[in-house]
Amino acid sequence: MSDAANTRARTSGVGGDVRLAWLLTKGSDRREWWRVGLTVVGAAGAAGLGLVIAVLVPMNGQHHIGVGGGLLDEQGTRGGVVVALTLLLIPVFGFLGQCARIGAVHRDRRLAALRLAGAAPTQVRRIAALETGLACLAGSAAATAVSVPVLLGLWHDPDPLAWAGIVAVALLVPAAGAAVGALSLRRVVASPLGVVRRTRPAGPGRLFLAATVLLGVSALFVTAAVFVGDPFSLPLFGLAVGPLAVFALCLLVGASAVLLTGWASGRLGEVLAARARNAAVLIAAERLRADPWAAARTHAAVLLVTVVGTGFVGVREAFLAEVETGRREHTLGMSVSYYTNGLDLTAAAIGVALALVLAALAVGTAESVATRRRGLAAQTAAGVPRAVLGRALLLETALPLLPAVAVAGVGGMGIGLWYGSATAHHLAVPYAAPLVPLAVYGCCLLAAATSLPLLRRTLHPAELRYA
Amino acid sequence: MNNGDGKVPLLAARGLTKAHGRTEALRGASVELGAGEMLAVTGASGSGKSTLLHCLAGIVRPDAGSVTYAGERLDRLPERRLSELRRSDFGVVFQFGQLIPELTALDNVALPLMLAGTSRGDARARAGEWLERFGVRGQGDLRPGEMSGGQAQRTALARALVTGPRIVFADEPTGALDSLSSEQVMTSLTHTARETGTTVLLITHDAQVAAYADREIRLTDGVVAGAGVTA
Amino acid sequence: MSTRHILLGLLAAGPSHGYDLKRRHDERFPQARPLAYGQVYTTLQRLVRDGLAQIDGTESDGGPERTTYRSTEDGSRELARWAGEIAPPAPFVTNEIFAKVVVSILSGGDAAAYLRAQRDAHMERMRQLTAVKTAKGADLATVLSADYALNHLDADLRWMTTTAARLTTLTAEVDSA
């Protein structure tokens, strides 16, 4: 690089990149704004959860807090709430990940074009990081602005550690967003031409595999610890390991379900494509075969929620049986409503998680329609009935999800039974648990169906005009 | 041809107008297409060629004017019937996009037959014959992304013709091809149309492609500028 | 185009008589103007005069007597030289169409109408050539020579389209000069 170019590069710097990122976002089409908007919402959710956790963690001893049905008053149950909130972060991240995919193809092309026009890899990475980071900053700022007055209203003299936590969360969310934004572009940055003809990785990412192995090891470790001593009798260790074991197991079952979905989608696609008798099944099967991991990625969070939800129903049954025994034997420390309150709150959290996951699924399906709009319009122009394309779209979600949700359900039930057998004196069979995967499956189909109106609009011949 | 000899044209449009937002793509275009005829529509980019094709093929409804196909007013038919017509009586070929990227060439060609109720096996057998006819039988198991542009377009032609349509609408079918592939595609189209008596409406900006047609009309700013007819 | 060299080229395959040469020429170059027999005869005589060909003998298969010719050493050398020689890329194309456009502007005629009519004539010729090319059983030589003509007509056509779009500016320029 010449001296002049060097100077120019230095002076343009971050300020120039902010301007460029802003110009690119401003000039982009509606879908980019959807991404920004939904990212702000997701970041606000993540920051909100993080803020509550940050405030709860440094809290010590007995308090009287107006919210949370008494669960936040005591050290022990507070720990449980923190774990539940942490678990709730997973679907929020899933939602954020799905949002990042809106208009991803177009954004990748745009940034690759920037690279072709001579932008340095760091510059492109910085622009991408800024795009996501600024949206996350907006969300985190909004969440913080709401949370701080609420906190001050509830807690008159908060711990300095809580303040530190709040600042850390408010800054961490946009930083993490920016990092993810930059990371997701590593292929664009590596090759400015490579992404224009986008090739998908042939399997799950190495990162994902590594994370699964790590999870497996930690789950083994925790489970071993459970069997070596009875963790539920050790006051401190039990508190930490019990929920952690459940957390790790849930993640592990979820990860296996993703691997299974990816693998099963591919096989299912191949088998169905060879045998399909009608057009909708053929189209759906061939799309699965072409990119089985797209389905797996979209469904990862769904499967996690299925595992947690099914497991929870089992745990709830066992827990209630225990409470009932305690009530009869008058060994309960608190009123029955105190315990059921906790269960209801957890159920609500899982409900929120399910809603988030379904939103992510709907966004993912809509994105898959939007990316293919020209081809779809051409199909309609050629006389392929809209109903066939609509059925193919639903089948694409329904087919791979069926075995995966089944496995996730069985895994969740296993967790529930395991918990029940570990705590209860007599085994309570959670009859309601199988209903959870069924309900999740139904909701997923409904979420996918929300893209049908978009599909109908996409099939408009005006879309033929866009190359 | 159809002009002045009293025969009823297979497809006729009168005074078509169509606006996209504030841009007027068609401003009173009229055109007639005789049975078995191959008509080329030429004109500069933005002269309204594609919009004319969309109106004639019942893909979009004109703002004003009429489109009559075999005695039926296309501009008044409900969408369901139009979709049916496009499936049974019309075939379309675009510059690209009409093949489903995930399906093999054979399945892509078999698809219209399956939609019409033919069993998969029979559909694939007939699709194979059509691929053979267009010289891409050997590429039957490839997906559109794995074929050359010319092979993909010949597959698209096979898909458009496999149901035995009365009219094929081709919008810049050779727009993305080199001259040799373009020649192969056009020769395939011309031969097949002649053998099967299929009527063809061909949109192109390339005079060498237009020369395959029996007749040419030129669009300028949404109206038909002039017509040259082969004696 | 040099009829001498084309005849020399046809003779390179072996001795042949005038009528046969004409037939083979018309077959080999289907889109070229057919050779007149008289032209074949005079060209052959000149080739003999210049020592590039010589009389091989006479034959008569029951019909009239025919003189057969064959190429000489000099003839083969001349043919090789000609075949390897680069054809000049026509720096001064005689552009009748452009001349007519300018004249019609100068004389107050309708240049646009002329261009339209000329364009139609070009298209008509292109359709004929395409029909020849796509006829079942057309051999490659026919296709290639038709292509050559088609590409030249297409070049004219493109030039006419651009010119038609710029007639107003051209008229102003011609009128002010």
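Student: At what angle do H1 and H4 of chain C pack, and how far apart are their axes?

Tutor: Helix H1 (residues 3–11) and helix H4 (residues 73–84) of chain C pack at about 120°, and their axes are 10 Å apart. Axes here are lines fitted to C-alpha atoms, for helices over the stretch in contact, and angles run from 0 to 180 degrees between N-to-C directions. Helices (H or I, at least four residues) and strands (E, at least two) are DSSP runs, numbered from the N terminus. Before we go on: this is a predicted model, where local features need pLDDT of at least 70 and side-chain atom pairs count only at pLDDT 80 or more, while totals for chains, interfaces and linings use all residues. Residues are numbered from 1 along each chain as its sequence is written, and chains are lettered from A and ligands numbered from 1 in the order in which they are written.

Student: What do we call the way H1(C) lies to H4(C)?

Tutor: The angle makes H1(C) oblique to H4(C). For the cut-offs, under 35 degrees counts as roughly parallel, over 145 as roughly antiparallel, 65 to 115 as roughly perpendicular, and the rest as oblique.

Student: Left-handed or right-handed crossing?

Tutor: H1(C) passes H4(C) in a left-handed crossing. Left-handed means the near helix is turned anticlockwise from the far one by less than a right angle, and right-handed means clockwise.

Student: Which residues make the contact between H1(C) and H4(C)?

Tutor: H1(C) brings C:His5, C:Leu8 and C:Gly9, and H4(C) brings C:Gly75, C:Glu78, C:Leu79 and C:Trp82. Two residues are in contact if their C-beta atoms, placed from the backbone, lie within 7 Å. By class, the contact of H1(C) with H4(C) has 3 nonpolar, 3 polar and 1 charged residues. Ala, Val, Leu, Ile, Met, Phe, Trp, Tyr, Cys and Pro count as nonpolar, Asp, Glu, Lys and Arg as charged, and the others, Gly among them, as polar.

Student: And C:Ser2, is that buried or exposed?

Tutor: C:Ser2 lies in the segment before H1 of chain C. C:Ser2 is exposed, because it has 10 other C-beta atoms within 10 Å. Buried takes 20 or more other C-beta atoms within 10 Å of a residue's own, exposed is 12 or fewer, and partly exposed is in between, with C-beta atoms placed from the backbone.

Student: What about the sheet in chain C, what's the strand order?

Tutor: Three strands form an open sheet in the order E1-E3-E2 (chain C), with antiparallel pairing. Strands pair if DSSP finds at least two bridges between them. The edge strands are E1 (16–17) and E2 (53–59) of chain C, each pairing on one side only. E2(C) and E3 (residues 66–71) of chain C are joined by 6 bridges, and C:Glu59 has C:Arg66 in E3(C) as its bridge partner. Helix H3 (residues 37–49) of chain C packs on that sheet, touching E2 and E3 of chain C, and its direction makes about 125° with that of E2(C).

Student: Switching to chain B. How many residues of E7(B) are buried?

Tutor: 5 of its 5, for strand E7 (residues 167–171) of chain B. Both faces of E7(B) are covered: B:Ile167, B:Phe169 and B:Asp171 are buried on one side, B:Val168 and B:Ala170 on the other.

Student: Which strands does E7(B) pair with?

Tutor: E6 (residues 90–93) of chain B pairs with E7(B) in the parallel sense over 4 bridges, and B:Phe90 stands opposite B:Ile167. E7(B) is also joined by 5 bridges to E8 (residues 199–203) of chain B, running parallel, with B:Ala170 opposite B:Leu202.

Student: Ok, interfaces. How many residues of chain A are in contact with chain B?

Tutor: 20 residues of chain A are in contact with 20 residues of chain B. H10(A) gives the largest share of chain A's side, 6 residues. That side divides into 12 nonpolar, 4 polar and 4 charged residues.

Student: How many residues does the contact of chain B with chain C take?

Tutor: It takes 10 residues from chain B and 11 residues from chain C. On chain B, helix H6 (179–196), helix H7 (207–210) and strand E10 (223–229) each give two or more residues. By class, chain B's side there has 3 nonpolar, 6 polar and 1 charged residues.
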